[in-house]
Amino acid sequence: MLNIILMNLEKVGIGAALFLGAYLANIGLGVWKNVKIDGSTFDWALIKQSIVKFIVLILSITLLSIVVSIIPAYATYVGIEISQEVLEIIDALVIIGAFLAATLRYVEDAISKLKTILGN
């Protein structure tokens with residue numbers, strides 16, 4: 001069971017790295033757009049809120065990954081057999097899907113901001 005948890009945490013780490021890259025790109029482009037193009041003032045409080053949001057998301061998905069990793073052992077313990085196919089689908093949906101959805105959202109936002117910046 002520990003091996004499964006560690007493998008899932010590796011997936012979480014890779015997903016977190018991809019998400020972090022998209023998230024930081026989105027923040028940087030957002031700051032540039034807001035300050036240089038929209039004329040807003042720079043606000044460190046918004047940066048701090050973004051960092052807290054990122055940390056909470058990463059910790060939550062990591063915890064969810066651990067729970068999903070333990071489900072097969074618990075199911076076996078209570079007498080329910082879950083097929084390997086079903087476990088792989090659950091694993092993919094929770095671990096990969098969570099980061100993929102978030103990463104793609106921030107990539108889309110970053111591209112939109114980049115288009116605005118380059119259009120001015």
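On a 1 Å grid over the protein atoms alone, a pocket is an open set of points with protein on both sides within 12 Å along at least five of seven lines, and its lining residues have an atom within 4 Å of a point. Grid points are joined across faces, edges and corners, and a volume is the space filled by probe spheres set on the points.

The model is predicted: local features need pLDDT of at least 70, side-chain atom pairs count only at pLDDT 80 or more, and totals for chains, interfaces and linings use all residues. Residues are numbered from 1 along each chain as its sequence is written, and side-chain values use heavy atoms, with hydrogens and water left out.

The protein contains three helices and zero strands, in the order α-α-α from the N terminus; helices (H or I, at least four residues) and strands (E, at least two) are DSSP runs, numbered from the N terminus. With a radius of gyration of 19 Å, well over the 14 Å that the globule rule gives for 120 residues, the protein is more spread out than a compact globule. The radius is taken over C-alpha atoms, and the rule is 2.2 Å times the number of residues to the power 0.38. The C-alpha trace spans about 60 × 25 × 20 Å along its principal axes.

The axes of H2 and H3 (lines fitted to C-alpha atoms, for helices over the stretch in contact, with angles from 0 to 180 degrees between N-to-C directions) come within 8 Å and cross at roughly 170°. H2 is therefore roughly antiparallel to H3, a term for angles over 145 degrees. In the contact (heavy atoms within 4.5 Å), residues of H2 including Leu57, Ile61, Leu64 and Val68 meet residues of H3 including Leu87, Val94, Ala98 and Phe99. The contact of H2 with H3 comprises 14 nonpolar residues, one polar and three charged. Here Ala, Val, Leu, Ile, Met, Phe, Trp, Tyr, Cys and Pro count as nonpolar, Asp, Glu, Lys and Arg as charged, and the others, Gly among them, as polar.

The largest pocket holds about 340 Å³ of space. Its lining has 18 residues, of which Ile27, Val31, Asn34, Leu46 and Ser50 are the closest to the centre. H1 gives the largest share of this lining, seven residues. Eight residues of the lining are nonpolar, seven polar and three charged.

The second largest pocket holds about 220 Å³. Among its lining residues are Ile4, Met7, Lys11, Val68, Pro72, Leu87 and Asp91. The largest share of this lining, five residues, comes from H3. By class, the lining divides into six nonpolar, three polar and three charged residues.

Methods
On a 1 Å grid over the protein atoms alone, a cavity is a set of points where a 1.4 Å probe fits but cannot get out, and a pocket is an open set with protein on both sides within 12 Å along at least five of seven lines; lining residues have an atom within 4 Å of a point. Angles under 35 degrees count as roughly parallel, over 145 as roughly antiparallel, 65 to 115 as roughly perpendicular and the rest as oblique.
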